[in-house]
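Q: Please take a close look at a single part of this model and describe its surroundings.

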Amino acid sequence: MKNKFLFLGIAAALFIACEADDTADIVINDNSVTNNTTTTGGSTEETEVRISGIYTEDLTLESGKDYILTGATIMASGTTLTIPAGTTIKAQAAGTSVYLAIAQGAQIIADGTAANPIVFTSAASNPSAGDWGGLILLGRAPINSVTGTATSTSEIGNLPYGGNQSDDDSGILRYVRVEYSGGAADGQSENNGFSFYGVGNGTIVEYIQAVEGDDDGVEFFGGTVDVRYVVVVNAADDSIDWTEGFSGSVTDAYVIQGDGIGDEAFECDGFNTDYTNATGTFSNPTVSNVTIVSESTADSTRGFLLRAGTQGTFTNIVIIGKATGISVDDDDAGTPTSQNITDDTLTFTDVTFTNVGANTEIDGGVAEGDLVTGIGNGTGTDYATWTAGWTVGIN
């Protein structure tokens, strides 16, 4: 969660990105590049399609073909990317310069099923975290780093996001898995598995999984999107992260952090302290039905780290194996997060702590009982039911 800049000269940046794609293969009208074919019964069929650059027309992928992301791939405003159930898209293992971005005003329709999920993964023979940059959605929903219809720009790609359309619709992500993505592009910019920049609640996001990422699993930069059925396995940094006034919801989330892997399960910021809180509002999501499992033998991190004035309503939580279950940090003196407990805008109800070093650490002298009610009553999410058939890496 680093510095953002107001959107200037984005068109020029996009054209520069196009020119940077120097792939020498045959270019098709939709920017795809085909380099492998098979011949059957005298006819030639394209079997491998390479994708990169900026798409100014709709792009519909076909089942049965192999798709390779070879560089930054951006669906421009007014376009739709349609991906059929069961499709696998592989990304060249070139780090964070290879990613898929759905720009403001564009849509992705990635509508998989439990039997046929859509998978974004690395093309490497021995894939590892950070092989590519991940999936990025950018919308026109409110963020608190700018006001009105102004926009900020994304950490990766310098693409605009934010505005005043809470119900903005970036499409559908259903039964979608992102593997081996993430990592630092430079000293200030990082890619995740799923990055939601100012995404509105007209967007459908459910049954998504981030696996073996080199930064955060899922990160929200403001916006109002409601996300259901989320799995994050072995994120190198935080599993679920928000900032810039995120006010959507996370319902049914399952986080697994392997031995020695990962930082906070949830890192929750009210605003981006490296930038500004232009609107004076704070993140205030609704989070329910969460199970957090740390498999580390010496975990020193937290289930929830709440800071920079974040608010939120948290219900039915299970935290297993963390050093601290819930930490409330008054890192920003002007907007102490602990004040939200007193104001009843930051609450936890029905939380079970298992093998946790300390249930809570709360700045400001606020008592644990003021933050958490119903200790021992949390049952978490019924992950065994809804993760069946489409997820990987779950015990």
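In which helix does Asn340 lie, and what surrounds this residue?

A: This is a predicted model, in which local features need pLDDT of at least 70 and side-chain atom pairs count only at pLDDT 80 or more, whereas totals for chains, interfaces and linings use all residues. Residues are numbered from 1 along each chain as its sequence is written, and side-chain values use heavy atoms, with hydrogens and water left out.

Asn340 lies in helix α2, which spans residues 339-342; helices (H or I, at least four residues) and strands (E, at least two) are DSSP runs, numbered from the N terminus. The protein chain has four helices and 30 strands.

Asn340 counts as buried because its relative accessibility is 8%, where buried means under 20% relative accessible area, exposed over 50% and partly exposed in between (1.4 Å probe, protein chains only). Of the 395 residues in the protein chain, 55% are buried.

A polar atom of the Asn340 side chain lies 2.9 Å from the backbone oxygen of Thr310. For the protein chain as a whole, 68% of the contacts between residues at least 6 apart in sequence join residues at least 24 apart.

Key. A polar contact is a pair of N or O atoms within 3.5 Å; within protein, one must be able to donate a hydrogen and the other to accept it, and residues adjacent in sequence count only if both atoms are side-chain atoms. Contact means heavy atoms within 4.5 Å.
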